[in-house]
Amino acid sequence: MARSLSPLSVPYRVFQRGSGIAIALLFALGGGFNLPVVGAAGPVVIAGFGLLAATAFISYEVAYVSRFSYELTADTLDIDSGVLSRRSREIPLRRIQNVDISRNVIQRVLGIAVASFETAGGGETEAELRFVSFEEAKRLQRELGRLKRGDETTTDEDTDNAATGPETTELFALDRGELALVGAFSIDLRVPGLLFVAASTLGTTVVPQYLTGATGVAVVGLGVAGVVLLALASWVVGAAASIVEYYDFRLVQSGEELQYERGLLQRYDGSIPFDKVQTLTIRDNPLKRHFGYATLYIETAGYGSGGDGSGRGSEAAIPLAKRDRILDLVDELEPVGDVDLERPPKRARRRYLVRYLFVVSALAAGLYGAQTFVSPSIPWWPPLGLAPLAVWYAHATWKHRGHWLGDQHVVTRNGVLRRETKVVPYYRIQTVIDSRNVFQRRLNLATVNVDTAGSLSLGGQDAAAVDISSERADELRTGLDERLDQAVDAYRAGRAGIGLETGSLQEELIGLDGVDATETNGHVPAAPDESDGPAPPDGEPAVDSDGHDGAVEDK
C-alpha cells in the first residue's frame with residue numbers, strides 16, 4: 001500500500017526553503033531598492049508580488065508533498081514524485097546498502113525525520129524521504145531488514161503496531177567519560193588550512209610592516225607562538241566537533257546488521273548490514289596509541305553525507321575504545337586470527353629520510369628568500385632545528401608501515417599521525433593495482449593497492465602495501481589475483497545455480513585454511529548480488545599480533 005510524506009513536511013519545507021525569499025522581501029520593503037516606475041506605490045507593489053510568490057511557493061510545496069508517494073514491496077522500493085514532471089523509480093531491495101535516519105533539533109521537535117536509502121557505487125544518495133514521521137522511518141528500517149532477511153510477510157497493521165524484529169544486543173555504548181576522551185583525542189586538521197588562508201590575506205600588508213622593525217628573536221618567538229596557537233585551535237575545534245557528533249553514541253547488533261544512534265544537534269540512526277561490509281579500518285594517532293585507544297570504522301559500499309563527516313558509507317562503528325574492545329568487535333565481524341605484518345625493506349626508510357630532509361631544506365630556503373627580499377631581520381636557520389624531527393619521522397613512517405597476506409584476508413597498515421590498519425576480505429576485492437613511480441623504481445620498490453567498493457576506497461584511501469620490494473609486489477599481486485579469481489569463480493558458479501552439494505563449488509566456498517565458509521561469523525552469508533561482487537563467506541583470521549611489529553599492538 002502506497003504511503004505519503006508526513007503532513008508536517010509542508011510547513012517545514014516552506015520554512016526551510018522560504019527563509020531566503022522572506023529575507024529578500026524584508027530587505028526590499030525596508031528600502032533596499034525602489035521602483036521608480038510606480039513611485040510611492042513601490043512598497044505596495046513589492047508586497048503584492050511577494051504575497052503572490054509566497055502563495056505560489058506554498059501551493060507548490062503542498063502539491064509536491066501530496067503527490068509524493070512510496071511503497072516498500074517484497075522486492076523493490078517504489079517512489080513516485082514530481083508536480084509538473086512526474087518521476088517513478090523502482091529500487092531493488094538487494095541493491096540498498098544502508099537505511100539511515102537523520103533529524104536536526106527542529107525536526108526532532110516536530111517528530112519528523114529524513115530517511116535515506118544508500119546503494120552501492122552511486123555518487124549520491126539513491127533516494128530520500130523528506131520528511132516522514134520518526135516512527136515511520138524506523139518502520140521502514142525494520143521492514144527493509146525483514147524483507148532482505150526473507151522473513152515471512154506481515155501486514156501493514158502488524159508492522160505499524162508492533163516494533164517486532166530480531167533480538168538486539170548492545171555491543172557498545174559511549175558514556176560521558178569516554179565522550180570526553182573522544183574530544184580530548186580529536187584534532188581537526190582542517191583548522192591549519194583555514195587559518196593559513198586567513199593569514200595569507202593579511203600577509204601582504206600587516207606581516208611585512210611588523211617584520212620590518214622586528215628582531216630575529218622576536219620573529220622566532222612569533223613563529224613558535226603561532227604554532228602553539230594553531231595546535232590549540234585545532235584541538236579545541238576538533239574536540240567540540242567530536243563531542244557534538246558522537247554524543248549519546250550506541251551500537252547494537254540486530255539480526256544480520258549493526259544499528260547505531262548518535263549526535264547532539266543532528267541525530268543519526270543508521271544500519272550497517274553484515275553482508276555489505278567492505279573493509280574494517282582501525283584508526284589511531286600518537287595520543288590514542290600512548291593511552292591504548294583506537295577507533296573502528298566499518299566501510300560499506302553505500303555513499304552519502306552525514307554519518308561521521310566522511311560519508312555515510314564509512315561509519316565509526318566505535319568512535320573510541322580500548323584497543324582490546326576494538327579487536328573483540330573486529331574478531332566478531334571478520335575473524336582474522338594472528339597477523340604478522342611485514343615492514344618495507346630498510347632502503348625505503350632512506351627514501352623517507354631524504355624526503356623529509358628536503359622539506360626542511362625547502363623551508364630554510366624559503367625563509368632565506370624572505371630575508372633577502374622582504375626583511376633582513378627574518379632568520380633563515382630555525383627550520384634546521386626540525387632536522388632531528390625529520391629523522392625520527394622517517395623512522396616512524398617505516399616502522400608503522402606494513403602488510404600481511406592471510407588465508408582469508410589481506411591486512412595493511414600505514415601512517416604515523418593518523419595510522420590506519422585495514423582488514424579486507426578477499427571476496428571484497430575489486431581490483432589490484434601495482435604502481436611504481438620514478439623514485440620507487442630507482443630503489444626497486446613498488447606499491448600494491450587493494451581496491452574495494454568501500455567509501456574510503458572511492459576517495460582514494462585504499463588498503464595499500466606501500467614501498468615493498470618489487471619482487472614482493474609481484475608475489476603479492478599474484479597471490480591476491482588468485483584469491484580474487486577463486487571468489488569470482490564461486491560467485492559465477494552460484495549464479496549458474498550450482499548447489500553446495502557439487503564438489504567444485506563446495507571447494508570454492510571452503511576457505512584455503514579448510515574452514516567451511518558457510519559456518520563462519522555466526523551467521524550464514526547472504527547470497528551475492530551484482531552490487532557487491534562475489535560474496536562467499538567471511539573467513540578465519542584477525543588483527544592483533546606483534547609479528548614483525550604487530551598489526552595493532554605496536555606503539
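Contact here means heavy atoms within 4.5 Å of each other, and this definition is needed for the third point below. The model under discussion is a predicted one.

1. **The strands E1, E2 and E3.** Strand E1, residues 3-4, is joined by 2 bridges to strand E2, residues 69-72, and the two run antiparallel; within this pairing, Ser-4 stands opposite Ser-69 of E2. Strand E2 also pairs in the antiparallel sense with strand E3, residues 76-81, over 4 bridges, and here Leu-72 stands opposite Leu-77 of E3. E2 and E3 form a hairpin, with 3 residues between them. As background for a reader new to such pairings, strands of a sheet pair through backbone hydrogen bonds, either parallel or antiparallel.

2. Which strand holds Thr-76? Thr-76 has its place in strand E3, and with a relative accessible area of 15% this residue is buried, because the cut-off for that word is under 20%. The side chain of Thr-76 makes a polar contact with the side chain of Asp-78, at 2.8 Å. If its neighbours within four places in sequence are left aside, Thr-76 is in contact with Glu-71, Ile-91, Pro-92 and Leu-93.

3. Three strands make up an open sheet in the order E18-E19-E20, with antiparallel pairing. Strand E18 (431-435) and strand E20 (463-469) stand at the edges and each has a single partner strand, so that one side of each is left without a neighbour in the sheet. From one strand to the next, the twist averages 15 degrees. E18 is joined by 5 bridges to strand E19, residues 445-451, and these two run antiparallel; in this pairing Asp-434 stands opposite Val-448 of E19. Helix H12, residues 346-373, lies across E19 and E20, and runs at about 100 degrees to E20.

4. At the start of H6, a side-chain oxygen of Asp-175 reaches to within 3.2 Å of the backbone nitrogen of Gly-177.

Methods
Residues numbered from 1 in each chain as written. Predicted model: local features only at pLDDT ≥ 70, side-chain atom pairs only at ≥ 80, totals over all residues. Heavy atoms only, no water. Pairing = 2+ DSSP bridges. Axes fitted to C-alpha atoms, helices over the stretch in contact; angles between N-to-C directions. Polar contact = N/O pair within 3.5 Å; in protein donor to acceptor, adjacent residues only side chain to side chain. Buried < 20%, exposed > 50% of the residue type's maximum accessible area, 1.4 Å probe, protein only.
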